Amino acid sequence: MSGRILVIGAAVLLLWQGILSAAATDAEKQLRENIDDLRRDNAKLVEEMQMQSGALSRLEKSNLELKKQSDWAAREAASRAKRKRKGKKAGSSFSDKAGEEESAGEFILYKELGNGYFQDRQFEQAITAFEKALAVDAKDAGSCYNLGLLYKHHRNDTAKAVFYLKRYITLAPLAKDRADVEYLIRMLEAKGPAYP
């Protein structure tokens, strides 16, 4: 009987060894799958990080270009002011025409700078550029609209937002978005600065 118990014990031992071996194989397989998943996730994260790094690099280049344009605009404005002073002293009609052309160029430059800054989410610089554009051409509806949105969403200045949006409606009475802008004005006036 003891031989039989030994054989049964050995069989049970072999059975447990097989079960443990299968469990170890399953655990090893699951571990390998987890490692493969982690490698795939890591590759995706590395790729995403490289894309974001490229986007950041492009934004930095764009910011540098906008800075160059802004510096150029400041130098040009100073140069034009100097030429204008000289032209006024001379009293020529040529200087009047040149001044008008320079003003148009200056307006376009400031408006484009404002649009570029706006797209790059450099809102303070965009506000400054659009305000300079309006200083050159006070009847530009687009700059008024952009300033209205910037003052509302970036500075949370309801009074200035309403001022510029009303000016936009006055300057562009046939604008396609007139009803939307009028609604926004009513909401801003009703809710005040707390309106989201």
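Residues are numbered from 1 along each chain as its sequence is written. Because the model is predicted, local features need pLDDT of at least 70 and side-chain atom pairs count only at pLDDT 80 or more, while totals for chains, interfaces and linings use all residues; side-chain values use heavy atoms, without hydrogens or water.

**Stop 1: the helix pair.** Select residues 123-136, helix 3, and residues 141-153, helix 4 (helices are DSSP runs of H or I, at least four residues, numbered from the N terminus). Their axes lie 10 Å apart at an angle of about 150 degrees (axes are lines fitted to C-alpha atoms over the stretch in contact, and angles run from 0 to 180 degrees between N-to-C directions). The two helices are therefore roughly antiparallel, a label for angles over 145 degrees.

Now show the side chains at the contact (heavy atoms within 4.5 Å). Helix 3 brings residues including Phe123, Ile127, Phe130 and Leu134, and helix 4 brings, among them, Cys144, Leu147, Leu150 and Tyr151.

**Stop 2: Arg121.** Move to the loop between helix 2 (93-119) and helix 3, where Arg121 is found. Its phi is near 65 degrees, a positive value in a residue other than glycine. Most residues other than glycine have a negative phi. Arg121 is exposed, at 64% relative accessible area (exposed means over 50%, buried under 20% and partly exposed in between, with a 1.4 Å probe and protein chains only).

**Stop 3: Asn156.** Finally, select Asn156 in the loop between helix 4 and helix 5 (158-171). Asn156 also has a positive phi, about 55 degrees, and is partly exposed at 40%.

Terms used
Parallel < 35°, antiparallel > 145°, perpendicular 65-115°, else oblique.
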